[in-house]
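Good morning, everyone, and thank you for making time. Please bring up the sequence and the model, and keep both in view while I talk.

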Amino acid sequence: MLKPALYIAATPIGNLQDVTLRVRSVLQEVTMIAAEDTRHSQIFLQSIGAAGKKMLSCHNYNEAQRADLIAAEIEAGGSVALISDAGTPLISDPGYKLVHALSARGIDIVPLPGPCAAVTALCVSGLPTDKFMFYGFLPVKDQELNTALDAIKGSAATAVFYESPRRIAHTLALLAGKYPERQAVLCRELTKTFESVYRGSCAYLAALAQSDENISRGELVLLVGPEPKDQGADDAVPQPVQTALAAMIAGGMSVKGASRVLSDLTGIKSRALYQLALQLKEQGTDHS
Ligand code: SAM
């Protein structure tokens, strides 16, 4: 028998086989399932032999009120699973208010991890995964959308957005205007029949969205890579290295030789050092 608790159960984002053994057995055993849309969830619940349970709808508009009913079920010794239409509950889906309210009442919250569109997309994107920012759904109104897209300017993290197929072409056009060269990836219909991953610069993807209407069909995750560092700029080279480079050039060493030696010693890209060395040499020539 399951311990009395609220179980946060991740469900497939397309392919019904993407359900963990633990999610399946917990959903078969709980005394109640709280679902975003109880009718929509029936297909999935039937596929894992967990249909016909006591169900309760729990969506953005009734979540706070549902907390009392769900807490009463658990405090009476029952066990409740929270599921959303697809993926991990609480991630751009209802559940935050419920978890907050129940944990404040001392009720155990048990995670049952599984699919999440944002993480699934990140893992196939080919963009850096060491730092990423999840922004959820992009705003609909243009002014707020612009502000949201401006927020990733200079960011060292990969940005992950959920976007609607109706708005993706417009969003890509705005992105292309702001960051034409920045790498982006659009993941469509992950784990489903028409799964596609489009990779390229923001400008390329914006142009593709104009010519290929398949891009704007189905469910989408949009990722934008980190802003590339300007390797050629002076400030990419730390001051002590700049001083050493200036001394080497002033001492008569060639631009190529000095930048190579310092690149080997410091690991700084030789292109950045070469450009800086050229500038130093020119400045030295001007002074003489
Ligand atoms: N909680 C879910 C999760 O864990 O990913 C997200 C729910 S949110 C209401 C739905 C959005 O997630 C979609 O509009 C789309 O942006 C993204 N999404 C969900 N399933 C997807 C899939 N199979 N492929 C691409 N994006 C998906």
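Predicted model: local features only at pLDDT ≥ 70, side-chain atom pairs only at ≥ 80, totals over all residues.

Residues are numbered from 1 along each chain as its sequence is written, and side-chain values use heavy atoms, with hydrogens and water left out.

Which residues come nearest to the ligand? Of the 19 residues around the ligand, these are Ile91, Asp93, Ala117, Tyr162 and Leu220, where being near a molecule requires a heavy atom within 4 Å of it. By type, the shell holds 11 nonpolar, three polar and five charged residues, with Tyr counted as nonpolar and Gly as polar.

Now to the polar contacts, which are pairs of N or O atoms within 3.5 Å. A polar side-chain atom of tyrosine 162 is 2.7 Å from a ligand oxygen, and a polar backbone atom of leucine 220 lies 2.6 Å from an oxygen atom of the ligand.

Finally, the domains, whose bounds come from an automatic or database assignment: the chain is divided into domain 1 (6-115), domain 2 (118-224) and domain 3 (231-282). Domain 1 and domain 2 each give at least three residues to the shell around the ligand, and the C-alpha centres of domain 2 and domain 3 are 38 Å apart.

Note on methods. Polar contact = N/O pair within 3.5 Å; in protein donor to acceptor, adjacent residues only side chain to side chain.
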